[in-house]
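I am keeping short notes on what I looked up in this structure.

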Amino acid sequence: FAAIGACTSGLWITLMIATAATVVMAITATVIVWRGGDTEIAKEPVIAVLPMQDFTGADGGAIRALSFTGELIHRISVHPDLMALDLRTVTNPAVANLQQGNAQEKLGADYFVQGSLNPARGGTQIRARMTDASGLVVWEDETVRDLGDQVEARAAQAEIAGHIAAALGTTLTGIDYCEPSTDGEAVAAYYEGWQLYNQRSGEGIAAAARALEKAIEIDPDYARALTDLASVYQRFGFWLAEDPTPYFADRQSFDAFLDEAPGKIWDLSKRAIERCPSLGVAYLNYEFARTIADQRAVYDEALRREPDNGILLNDSINFLRTYGHIDLAGEYARRAYRKDPLNPRAAHLLSSQLHYRGDIEESIEMEIEARELGYSARVTNTFLAFYYASLGDAERLDRLLAESWPDGFVADPIMPFDPRRFILARNDESARDALIVEFARVLPELDGTNTERHLRWAK
């Protein structure tokens with residue numbers, strides 16, 4: 001993110017949202033509806049919370065600004081009638097700046113919260129304001145707090161979130177909120193881990209685990225750190241499968257950890273929900289670690305607790321698709337993307353969901369967007385190859401194969417077959433059936449099981 005220019009007597013920094021003009025799909029609706037189980041939730045208005053800018057020049061200032069932004073988003077999101085867009089996950093430094101007016105059109109936000117941390121005598125000056133989509137200032141304020149004191153930092157975050165709610169005619173009073181640690185070092189380690197996790201790489205997830213472990217070592221009762229470390233451990237098997245050395249001394253240590261992981265995840269999640277029962281991700285990790293049979297009920301309950309949580313929505317999509325809940329998976333994919341529109345994983349999952357629904361050209365555009373936002377080129381190119389193949393578009397497929405696999409296509413667990421076989425199978429029923437069976441046969445190698453769901457997934 002870039003801070004560009006000064007406005008209003010030089011006091012305010014105009015924040016530019018870093019994104020590509022072609023990256024964020026235009027969404028015009030401002031009322032977001034989620035239906036899961038027997039629950040229907042409509043959220044209006046939509047508030048884009050832009051990352052706080054740090055101008056203090058202090059050590060750890062960037063992480064402090066990130067944590068301040070994160071807590072504002074959490075505090076606003078727990079309100080049943082407010083939706084705070086999370087715009088912190090942009091990882092591609094090459095994306096262009098987007099003016100706020102265009103951001104309203106792209107993101108469908110009704111309001112924008114922006115601000116900065118500045119040096120001041122006796123502490124840090126916090127400037128914050130909220131504007132509507134036309135740029136009219138709805139609320140603004142500034143205060144000086146000692147952000148090195150986490151109690152004061154929490155009070156400032158709660159105060160600003162309360163002002164935002166009041167400006168919109170509501171209140172946050174009496175709403176259950178999972179407070180961060182009172183130890184500033186633990187909070188800094190937690191948000192460092194959050195930032196590293198969103199790099200979506202083996203090195204990033206290993207460093208995220210160490211940062212979150214540090215946060216818990218400092219404050220063993222830090223519920224969000226406990227929750228996110230459990231989520232990180234869950235993903236070790238994917239991100240470190242090819243090369244476990246960013247975290248483990250050798251593959252034997254990695255394999256041993258995977259055997260112990262369910263117990264570790266269960267313990268971390270149990271401790272988190274004991275301290276903060278409203279954390280839906282902690283509930284999900286806890287129940288899954290206990291191998292609960294009715295996973296759909298677990299997802300519904302987790303989303304009842306945190307219906308706005310992009311991680312929950314994204315994680316539920318593959319499960320719902322595998323068991324035939326295509327329409328609900330589509331709702332979750334759009335809601336996850338709506339919540340976190342600059343998150344490359346959200347764009348990727350929405351792309352695949354659009355393909356399931358048959359909107360293949362739109363899925364191609366969304367997959368290209370995921371790649372531009374920083375999602376793995378290997379994954380996105382492989383999915384694009386499959387999409388071109390499912391269209392029967394041999395020309396675009398051959399061009400992509402030549403660009404991405406100049407030495408010839410190399411099969412891997414993501415795409416175990418040359419995608420040109422899909423084109424051949426489009427008009428040949430026996431070739432298609434053989435490909436489905438072959439695909440289902442290799443899927444157990446991905447998770448160590450061999451069930452009927454692999455055949456359904458392959459189909």
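I began with helix α14 (residues 360–372) and α15, whose axes come within 10 Å and cross at roughly 165°. I took axes as lines fitted to C-alpha atoms, for helices over the stretch in contact, with angles from 0 to 180 degrees between N-to-C directions. Helices here are DSSP runs (H or I, at least four residues), as are strands (E, at least two), numbered from the N terminus. The helices α14 and α15 are therefore roughly antiparallel to each other (the label for angles over 145 degrees). I noted their crossing as left-handed, meaning that the near helix is turned anticlockwise from the far one by less than a right angle.

I then listed the contact (heavy atoms within 4.5 Å). On α14 it includes Ile360, Ile364 and Ile368, and on α15 it includes Phe383, Leu384 and Tyr387. By class, I found 9 nonpolar, 4 polar and 3 charged residues in the contact of α14 with α15. Ala, Val, Leu, Ile, Met, Phe, Trp, Tyr, Cys and Pro count as nonpolar, Asp, Glu, Lys and Arg as charged, and the others, Gly among them, as polar.

The model is predicted: local features need pLDDT of at least 70 and side-chain atom pairs pLDDT 80 or more, while totals for chains, interfaces and linings use all residues. Residues are numbered from 1 along each chain as its sequence is written, and side-chain values use heavy atoms, without hydrogens and water.

Next I looked up α15 (residues 377–391) with α16 (residues 394–404), which pack at about 160° with axes 9 Å apart. This crossing is also left-handed,. Among the residues that meet are Tyr388 in α15 and Leu400 in α16.

I searched the whole structure for cavities and found 2 of 30 Å³ or more. On a 1 Å grid over the protein atoms alone, a cavity is a set of points where a 1.4 Å probe fits but cannot get out; a pocket is an open set with protein on both sides within 12 Å along at least five of seven lines; lining residues have an atom within 4 Å of a point. Points are joined across faces, edges and corners, and a volume is the space filled by probe spheres set on them.

The largest cavity holds about 50 Å³. Its lining includes Trp139 and His163, and β11 gives the largest share, 4 residues.

Last, I noted about 890 Å³ for the second largest pocket.

Technical notes. Parallel < 35°, antiparallel > 145°, perpendicular 65-115°, else oblique.
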